[in-house]
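Here is a short report on one protein model with a ligand. Look at the structure first, then read on.

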Amino acid sequence: MIAFARTCAAIAATASKLEKIALVGDYLRTLDDADVQAAARYFTGNPFPQAQERSLAVGGRTLIDAAVAMWGIDDAALAVAYRASGDLGAALGQFVRPSPDLGLFRETLTPSRLYALLVEIADAAGKSAQKRRRILCERIFSACTEPLEATYVIKIMTGELRIGLREGLVLDAVAGFARDPRAVRRAAAIAGDLGAVALAAKHDTLDQLAIAYHAPIAFMLASPIAYGSEYTELVSSAWLVEDKYDGIRIQAHVTPRRISLFSRTLNDVAASYPELVEALRALPGSCALDGEIVAIRDGRVLPFRFLQARLQRKDVAPDLLREVPVRLICFDALALDEEFLLDLPLAERRTRLAEVLAHADERTVAAAPWTALEERAAAETVHERFEASRERGNEGLVFKRTDSPYTPGRRGKSWLKLKRELATLDCVVVAVERGHGKRVGVLSDYTFAVRAGDDLAVIGKAYSGLTNVEIAEMTAWFEAHRLPPDEAHASYRRLALKRREILVEPSIVVEIAFDIIQRSELHASGFALRFPRIVRLRPDKRPQDADTVERVAEIYAEMLEREGMGDR
Ligand code: AMP
C-alpha cells in the first residue's frame with residue numbers, strides 16, 4: 001500500500017483537478033486485475049462494492065486499541081497528534097513501528113491483500129466478532145512499514161480519505177484508460193461498483209456490466225431558484241412542474257427476491273416502511289424508482305414532523321402504521337428489468353414510470369402528478385401553482401426539463417426547486433466549539449440563543465456557514481472573550497451546556513435560517529430549529545436587538561396555521 005499512500009499524498013498536495021486525475025490514472029495503470037479493483041474503490045472512500053452492503057463496522061476505538069497494542073502509543077501523545085490533524089489516520093500513522101521479529105515473514109500489504117482482510121473484518125460475526133476485528137486490525141497494522149502507508153490504510157478504514165478526490169474525478173481517471181470514456185460514467189451508475197468499472201475499462205468490457213439492483217445510484221438533485229418577480233431560468237426549453245414534497249427522498253429497488261429503499265445517505269431503510277415494501281411487491285419484474293416518502297392521511301400530506309416518528313424504526317408497531325400512514329410518491333424511473341433508463345429524456349422516463357405504477361396500489365405507491373409548464377410562464381402562474389402546492393401541504397415546486405437525462409449525483413440546472421424561507425432569526429452566540437477535520441484548529445461550531453426576558457435561552461447549534469476569513473477572525477475574538485471561570489461555571493448550568501463548549505461573552509449576533517421550528521425539550525427555549533444555518537454575522541445588531549422566545553413561538557404558530565394542522 002506504499003504506492004497507494006504516496007499517490008494519495010501527491011493527490012492531496014495539488015489543487016489541480018487535472019493533476020489529481022492524472023495521478024490516479026497513472027497509479028491505477030500500474031496495477032494488476034485484483035489490485036486495480038480494490039484500489040479504485042479505496043479512492044472513493046468505500047472499500048466495498050455498494051451492491052454487497054458490507055460495512056467495516058470497526059469504530060475509532062477498535063482502531064486506536066489495535067494501534068496502541070501494536071505500536072505502544074501513550075494516550076497523551078495520541079491526544080496531541082489528534083489535536084494537530086483532527087484525523088485518526090494521520091494521528092495514529094506516525095507511530096508506526098515495524099516489529100523487527102517478523103522479519104522475512106512480514107505480509108506485504110497490496111490493495112487486494114488489504115481488501116481480503118477488510119472483508120474478514122466486515123464479515124466477523126458472533127460472540128467473539130469484536131475480538132476478531134481487533135486482531136485483524138493488528139494484523140493489518142503489523143504489515144505497515146511506514147507512517148504514510150499506515151496513515152492511508154487507517155484513512156480507508158475510517159472512510160475518510162480527505163484528499164480532495166470526489167468520485168467524479170476517480171471516474172475521469174478510469175475514463176482515461178477506457179476506449180469509450182463516455183461509457184464509464186454510465187457503467188458506474190449501472191454497476192454501483194467503481195472497482196468493477198475500472199477492471200471492465202481495462203479489459204474493454206464496459207458494455208457487459210449488468211445493472212446491479214440493490215446497489216443505490218446517486219440521487220439527482222435540484223438547484224434552488226429564488227422566489228421573485230420573474231423566472232428567467234424557465235424561458236428556454238420545455239419544463240414540467242410538480243410539487244416539492246417535504247418528506248424523505250427514496251430510491252426503491254424492486255426485484256422478485258428483494259426490495260430495498262435507499263435514503264439520501266444511501267442506507268437501506270426498507271425495514272421502517274413495511275407497507276411500502278408490501279405495495280412494491282405488486283410491481284412486475286424488476287425496477288429502480290426515485291421518489292419521496294410522505295406521511296399522508298385522508299389524502300392530505302402531513303408535515304414532516306409526523307414522519308419523524310417513522311424514521312429509523314426497525315419494528316413498526318401496528319399503531320404507528322395507523323397513526324402515520326405513508327405513501328411513496330415516485331417521480332422518476334431509473335431502470336426497468338435489464339434496461340437502463342438514465343439516458344432517456346425525462347418525458348419518456350415518466351411514461352415508463354406511469355406504466356410500471358399502473359400495477360401498484362396508488363394509496364401507497366403513486367406517481368407524482370405533474371403538469372407541463374407553458375412557454376414563458378408568467379410569474380403569476382408560477383405563484384398560483386406555488387400556493388396550490390402549499391395548500392396541499394407541500395413545500396413548494398420543482399421544475400424539470402422534459403428533455404433532460406437523469407444525472408446521478410449532480411445538482412444541475414435541469415431540475416430547479418422553488419421554496420420560500422420561513423423567516424430568519426437573529427440569535428446571540430453563547431458558546432463555541434472547535435470544528436472537525438480541517439476546522440479542528442478554529443472555533444467554528446456555534447451554540448446560539450434567543451432572548452427570554454432578561455436572560456438568554458439556547459435554541460440551537462450550527463456549524464459556521466461563514467467564510468474562512470470570518471471564521472478565523474471570529475476565532476480570535478472568541479478566544480479573547482471567553483467568560484471568566486466563575487461566570488462560566490454558573491452559565492453552564494443555566495444554559496444547560498456541555499463542558500466541552502467554550503462559553504463566550506454573549507455579544508455576537510448571527511442571523512440563522514432554518515427549515516422549520518419544532519417544539520423540543522433539548523434546549524432551554526423549548527424550541528429547536530430543523531437544519532439551522534448561519535446566514536451572516538450581524539455586526540449591526542447588539543444582543544438586546546436579538547429575537548425573543550416570543551417571536552419564535554409566533555413563527556411556530558404561523559407555521560402550524562399555514563399547515564392547517566393546529567398544535568397537535
Ligand atoms: P432541499 O432539501 O430543499 O435541498 O430539496 C431537495 C430535495 O427535495 C430532494 O432531495 C428531494 O428529497 C426533495 N424533493 C421533493 N419533491 C421533489 C420532486 N418532486 N422532485 C425531486 N426532488 C424532490
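## The cavity

On a 1 Å grid over the protein atoms alone, a cavity is a set of points where a 1.4 Å probe fits but cannot get out. Grid points are joined across faces, edges and corners, and a volume is the space filled by probe spheres set on the points. By this rule, the count is 1 cavity of 30 Å³ or more. The largest cavity holds about 30 Å³ of space.

Which residues line the largest cavity? They are I190, I211, A212, Y213, A215, I217, H253, A288, A335 and F340. A lining residue has an atom within 4 Å of a point. The lining divides into 9 nonpolar residues, 1 polar and no charged. Here Ala, Val, Leu, Ile, Met, Phe, Trp, Tyr, Cys and Pro count as nonpolar, Asp, Glu, Lys and Arg as charged, and the others, Gly among them, as polar.

## How the model is read

This is a predicted model: local features need pLDDT of at least 70, side-chain atom pairs count only at pLDDT 80 or more, and totals for chains, interfaces and linings use all residues. Residues are numbered from 1 along each chain as its sequence is written, and side-chain values use heavy atoms, leaving out hydrogens and water.

## Around the ligand

Polar contacts are pairs of N or O atoms within 3.5 Å. A polar side-chain atom of K244 is 3.1 Å from a ligand oxygen atom. A polar backbone atom of Y245 lies 2.9 Å from a ligand nitrogen atom. For R264, a polar side-chain atom is 2.6 Å from an oxygen atom of the ligand. On its own, the ligand has 500 Å² of accessible area (Shrake-Rupley method, 1.4 Å probe). The protein covers 87% of that area.

Strands are DSSP runs of E, at least two residues long, numbered from the N terminus.

## Two positive phi angles

D298 is not a glycine, yet its phi is positive, at about 50°. D298 sits in the loop between strand 5 (287–297) and strand 6 (300–301). F531 also has a positive phi of about 50° and is not a glycine. F531 lies in the loop between strand 19 (527–530) and strand 20 (533–537).

Notes: Polar contact = N/O pair within 3.5 Å; in protein donor to acceptor, adjacent residues only side chain to side chain. 1 Å grid on protein atoms, 1.4 Å probe; cavity = no way out; pocket = protein on both sides within 12 Å on 5 of 7 lines; lining within 4 Å. Helix = DSSP H or I, 4+ residues; strand = E, 2+ residues; numbered from the N terminus.
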